[in-house]
Each structure stands twice: as structure tokens, then as C-alpha cells.
Amino acid sequence: MKFNMQPKTRQMVSYAIMTIVLILAGIFIHKFLHKYSLHEIIEDLDNIPLKNKILALVFMAANYLFMTTYDFLGLRYLGKKLAAKKVVLASFLSYAFSNSVGLSILASGSLRYRYYASWGLSFSEITKMVIFTSATLWLGVLAAAGGALVLAPMIDMPDQLHMYFSLHALGVLLLMIAAAYYFMLVFVQKPFNLLGQTITLPSPMLGLTQIAAGAIEWVLAAAVLYVLIPAQVQIGFVQFVGIFMLAQTIGLVSNLPGGVVVFETVLLAFFPPAAIPAMIGSILVYRVTYYVLPLLVAACILGISEGYRQRQKFVSYLSYLNRIYIAVIPNLLSVIVFIIGAYMLLGGATPINPARFGFVENVLPLAVVETSHFFGSLTGVGLLIISRGLKLRIDLAYQLTLALLAAGTVFGLLKGAEVETALFAIAIAIAMIPAKGLFDRRSPFFDEVLTKEWLAAVFAIIAIFVWLGFFSYKHVEYRNDLWWTFTVNDEAPRFLRTMVGIFTFSLALLLYKFMLPSKRVQDDTNLSQDEILGIVKKSRDASSYLALLPDKKFLTGNKSSAFIMYGVEGRNFISMGDPVSATEDDDEIEELILNFRKLSRHHGCGAVFYEVGTENIPHYIDAGFRIYKIGEEARVLLDTFSVEGKHWATTRNNINKLEKDGCVMEIVPAERVEEILPRLKEISDDWLENKNTREKRFSLGCFDENYIKLMPVAVVRRGEEILAFANLWLSSGKNEISIDLMRYAEAAPKGVMEFLFVRLMLYAKETGYEYFNLGMAPLSGMDTHSFSPFWNRIAGALFNHGERFYNFKGLRSYKDKFNPQWKPKYIAVESFFALPSALRGVAALISGGTGGIFGK
């Protein structure tokens, strides 16, 4: 039986598995560490000789350099040649990022596509390259792990891992799999079809080279950690490679970045308890050497490389870089301040550095040490909280951050001569000074900062603080009098008092959060509904009738002849379409766009204009927006529309059949719509139930009686019975006509909606309308050539391959049937980085909330 799991369910299961793996690994690590003190681990970390650290750097560099052979072999498999420096660049960047951030195929594949596509490789060739290099990596795992487990002296499987089989036998099995791959290449040399794809395997010699290259690369990776192992830990290199490869394999399967926690859990299980503190220090240095340093170097190279690639556009990119600066710096400072806040807080859970204990004991008064320890940790909590205010560019957050950094510097020096903390805080404060102008929002601070998500992150750090404190002082036996013990030597009582203070402060924050009234965005319009309706009827855009729905808020111009209709979702103010104007006053429209951005910024949100046309693009650009195409709108030129000819034969037959059955179309004027509302409501409810769906909003109408009564409605009658209906949007000057809701009764004959649709178009033509607007076909009309923007390529791929999620091609094909003129539609956002959040916000507004995005 085939089992289909919904994408959302698959994602939840994936997250659940990763969470369970992390929790189990964390418990396992805790069981290992509870026997050891933090001082032991720090001491062993300091005891690693400098020459060993340098040797680890050399092996790391050799490993990453040798890893580029994966790409050279991949190009050989494709029959392509590129300059060596290009291959080394793309390969190093791909592996430096994929090793550290997890999801290796996605991370490395995206970077390879970025570079190899610009160097002439097609999408299919790059896909083959990614698959080939991934296969090489796993073949290396098989060969290196298998060879080490077979050649090394017998390695006993630790009881903690509960794997009751021989590692020697496992090594033989892994080598057999690698050998099977080679023999498959020997005996299967002709291309073959698999799932509709033609597969050409590498030559036997190339396959053998894959296995050898992969094995050597993994041995070099093992050497990085091996040279960091302290001398007192006696283990042969081949034996260590076997253990290392087993730990790395399980870490790779977990799909966590760098196999974090999982790798350590498996590796430490093979070492005796006495070696654990020393191994912890070695693993920490290994993590920094093999993962963090290459990632930092790759990030710098990527920035320089991208700058060099775009050097011809330097002048135009100055403004772009300024927008990047404005978008990135507040977020970056927010992250850095959050990190130092966590550092200050966790410092309150660890003992004073023994090297500085004499200074604290002999120079600093006890009261100063106690007070500084307590308030230093509270300062850390404060920085954790207000760091979100920096992200929102709130001026008060900027001022409080500088004050708390200064306080943290003083408290750090006075509680334990923490020079590192002081220097870190001072460096951040100095870095913040040039960015003062970015933090100019005057906003109610706690309204915006104390969100559930941010508080959850803060409490997670506090939970780590509590665990670290109990771990650091686990050797201290609990007594009631600990709470009142005040000596320089007794550090556990200080931790307990600080913990209670933080809990008290956190509880006060929670109570304040729950008592805080929710902040609502008020309409800035003084227009009545009749005045809004008057502007709508004078607009040349039929979709302006969406302003009559109750889900809209409004921002009006100074002349009260134009407005922006918008909704608020998350941290986005989202305008539905262009500003609606009765006079098409260009200056008023430009002012409205700018004022809308100011309004959203005042509330700490981003501004978005969804489904806009080409007419006002200069105004959006002048207001600092970025424009991205989201589809095309179909408009039928009614003067040339006809149902004559062979193309329309089936449609004519359907219309004639329904007319013989007694069906007629009738336009009910707005003043008479109230008479038929009960029947329309009945049809609408039945239609929603039969379609197993619910009302949409924002960019689509919904059945609201007050809304339906404001416009004419086209109905299909059979005798006195209404079978179907559609409400009409009529623009000013008979520029265009469009429809919103189209719904039919369960008893309606087949083809009734096509009948209504065509009859409406012929009616519009007879009454002098210029266009019939069929609405937008999402993501259609995207150019995806080699010069297309990155967004266009993503959208184009989704249009071509996303039928599982939405009928993109089918909708475009149906509207093409009427031979329309296609008009591009865009979304205007403040930066490319704001685009995902904006699209999610639009989807949530249309679906009636985030939960509705994934339902009907």
C-alpha cells in the first residue's frame, strides 16, 4: 500500500526526529559530563600544545584543498573543462558552507549553481555534478570507514550505544558495498532509464578514483582531530579513523549542522572515562578549526567574489549596498548583542577563573563581588531582551543597549576581573556608534519587544544558565544555609541567589506581558463608506471594489480623493494593489506611497504593495522599494472578442444546450440585489460545502451581504430559479469590467459557469466596455534565461514544476483560451530579504491566517 505523507506532516516529522535526536544526544552527553568539572575541561583545553593546533590547521587546509578533487572528477564525468581556480573557488565555498550549516546537498548545490551556471553549465549538468560529488563523499565514507574498521585492532562497541554487532564485520560490509559500486561500473557501461531519466554511469577507472579520493579526504579530516588528542590518550591512528568515521557517519545521517552533538556523543562513547575532559577540549578546538574557520574564510571570499563579479555595476550598487547596510546592520547588532547577553548571563553560572581568583580575593571587597555577580547576570538577561529592539530599530533600545554594555563591562571587571567580557562589550559599543542614525524609531518599547517567540528564546538561554550552574557546582552538597553564605570562596551560593533573582525578573516580565493590552493599528482615514464607494466608482481599476470588504484598513491622501487599502499581517503592512484614485493625481499617489511606508515604519513593520501594475513603478522605486514580478493579468479586448469560428464550437454548443433548457443570464442592478440575497446566500453556502473550502479574503471577495449589495450581480435563471451568480466590478469610463465571486447551485446543469462567463463578456462588449479582466495567473510569464534575476528563476521553476501545490499552468491555459492581452503584475517590497516574509503575509491575509495557508 502506498503511503502519502503531506508536506507539512513530513516537515513536522523531520523536525520531531531531529529534536528527539538532539535531546537524546544531549542527555547522553550530560551523563558523560556529570562526572567532570568545568575546570578540568578548561584546563585540558589550555594544555593542547600550540604546535598541535598549527598541525591541525595544516591538515584542515589540506583536507579542503583535496576536497576540490570531487569537483574536478565531476567535471571529468560531465566531459567539461574549467579553469582550476574557478573549480577550487566553487568547491571550497560549497563545502565550507555545507559542512557547517547542514543540508549539504541544498547548501552546496545552491552555491555550485550560482557559480557553475555563470560559467556555462546547464541546470541538468549542475544537478549531475551535485549528485556525483555527493556519491563521492559517501563512497569515501564506505572506503575509509570500512578499511579502518578492518585493518585496525579489534574495536569494542561501547555498551552505551546498544549496537550488538562486530565493528570488524561492519567494516567488511562497507567495503563490499564500495566494491559492489565498482563492479557495477564494470558490468553496466551502457546508459539506462530510471524513473524516466537516462542515467550514464562513470567509467570504472573514474569510479575507482572516486572511491580513493573520498577515502583520502576523510582520512585527512580524521587527522585534524587526531593531532589534537592529548598525549595521555593512547590510540592508534587507524583505530581512531575507524571510530571517527563511525561517529561522522551517524552525524551525517542526523543531517544536523556538522553532526553537532551526535558526533560528540558517538565519539566519546569509545574513550575511557578518564580521557573525557581532555577529549572535550580537543573536540572544541576541532570544531573551531574544521568548521568555524573555513566558514568565516568562505564568507569573506564569497563577499569579495560577489563584489568582483559585479564590479561593472559598482556605481548602481552603492545605493544597493546602502539598503543592505540599513537592512543588515540592525539585525546583525541584534544577534551580537543577544550573544554577549547570553555570555554575560552564563558567566554567572560558572566559577571565577582560578588565574584571577587572587585578585578578586585580595583586592575586591566581598560586597562588590556579590553585587556585581548578581547584577552582571541580570544585565545579560536585559541585553537578551532588548536585542530585539535593535532589530526593530527602536531608539530606546539603542540607548539601553549602550547603557547595559557599559554596566556589563563594569560588573564583569568587578565580579571576577573578566577582561574578555569588558573588551567584547566595549568593541560592540564602539561598533554601534556609527550606526546611531539607523535607530530612529520612537515606539512603545515593550509593545514590540516582548513577543512570545523572543521570550521563548530568552527563557531557553535561562534554562541553559540553570543547567550550567548545577553542572558547575554539582560537587557542592545542597544545604539550606547556602542561600545565606557570603564568602569569596563560596561561589555556588552566588549562583543560587542569582538564579532566584533571574526567575523573579522573568516572572515579572511574563506578568507584564500578559497584562499588556494588545496594540491595534487604527485606520488613518476619515472617509465614510459612501465616500470610499464614490472613489471606487471613479477608479479605472475594477479591482478597487475590494476596498468595500470589511477586512481593509485605509490610508487617505491629503485631498481625500485617493486611498491605499491594506491589511496587517505579522510585521508587514500589505497594500492590496496600487493606490486607488478618483482623479489619478500623480502627486497625490506618490505622496500616498511614501506616507504608507512611513506609517508601516512607525509601527515597526515593513511596507508591501501586492499585485501592482506598471504605472506607478517609478514612484515605488523613488520610495525605496524593490520590484519583483509575481505573475500576469489577463485582459480580453472586447472589441475583437467573438465566439464565432471552429475554436468556439464546443462553447457554442454548450450555450445553445443551456438556452434550450431554459437558462438565461440576467443583470440584477445593485438596488435590487437585496431582494435575491437569501437565494444567493444559499447558493454560496452550498458551493463552499461542496468544494470543501472556505471563504478567502483580501485579494478575493467573500460573501458578505453588505458587500454584495453595493454592486450589480449577474445571475443565471431557469424559470424563476437562480442557478448561479457572479458579482460585477465596473470601472469608471467603461474601461474594464471584472467579476469577483462565481458560484453555482448543486442542481445547476454542467457548463453553467462557462455559460455565465461567455454571456457576461458578450454583454460587456454590447454595453461598450473596453476590457474584460480575467484576473491574474500567478507566477506566469517569468523569463528564466541566464540573465534573469534569481527570483524569476525560482518563480519560473515553481510555475513549471509546482502543479502539486497549485494549478499554475492550468489557470494560465484556461485564460489563454480567450486570447487575452497579458499585463505584468508585481510585488513591491523594501528589500529582497523582506520578500519571503511579505509573500507569507499575503498568503496569510488571503487565507484568513497562517493556519489557513495549509488548508482549504
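Reader: What is the relative accessible area of E666?
Author: This is a predicted model, in which local features need pLDDT of at least 70, side-chain atom pairs count only at pLDDT 80 or more, and totals for chains, interfaces and linings use all residues. Residues are numbered from 1 along each chain as its sequence is written, and side-chain values use heavy atoms, with hydrogens and water left out. Buried means under 20% relative accessible area, exposed over 50%, and partly exposed in between (1.4 Å probe, protein chains only). E666 is therefore partly exposed, its relative accessible area being 23%.

Reader: With which residue does E666 meet in a salt bridge?
Author: A salt bridge is counted when a side-chain nitrogen of Lys or Arg lies within 4 Å of a carboxyl oxygen of Asp or Glu. For E666 the N to O distance is 3.8 Å. The partner is partly exposed, with a relative accessible area of 35%, and it is R672.

Reader: How many salt bridges are there by this rule?
Author: Side chains of opposite charge can pair when their charged atoms come close. One network of salt bridges links K629, E632, R812 and D816. Over the whole model, the count by this rule comes to 23.

Reader: How far apart in sequence are the parts tied together by E584 and R540?
Author: E584 forms a salt bridge with R540, whose closest N and O atoms are 3.9 Å apart. Because E584 lies in the loop between β6 (580-581) and α22 (586-602), while R540 lies in the loop between α21 (529-538) and β3 (553-556), the pair ties together parts separated in sequence by 44 residues.

Reader: Where does E754, the salt-bridge partner of K817, lie?
Author: The side chains of K817 and E754 meet with an N to O distance of 2.7 Å. K817 sits in the loop between α29 (808-816) and β14 (821-829), and the pair, 63 residues apart, links distant parts of the chain. Helices (H or I, at least four residues) and strands (E, at least two) are DSSP runs, numbered from the N terminus. In these terms, E754 lies in helix α27 (residues 752-766).

Reader: How is α8 oriented relative to α9?
Author: Axes are lines fitted to C-alpha atoms, for helices over the stretch in contact, and angles run from 0 to 180 degrees between N-to-C directions. Helix α8 (residues 167-187) and helix α9 (residues 204-226) have axes 8 Å apart and pack at an angle of about 165°. Angles under 35 degrees count as roughly parallel, 65 to 115 as roughly perpendicular, over 145 as roughly antiparallel and the rest as oblique. The orientation of α8 to α9 is therefore roughly antiparallel.

Reader: Is S377 buried or exposed?
Author: S377 lies in helix α15 (residues 366-391). Leaving aside neighbours within four places in sequence, S377 is in contact (heavy atoms within 4.5 Å) with M344, L345, G348, T498 and I502. At 0% relative accessibility, S377 counts as buried.
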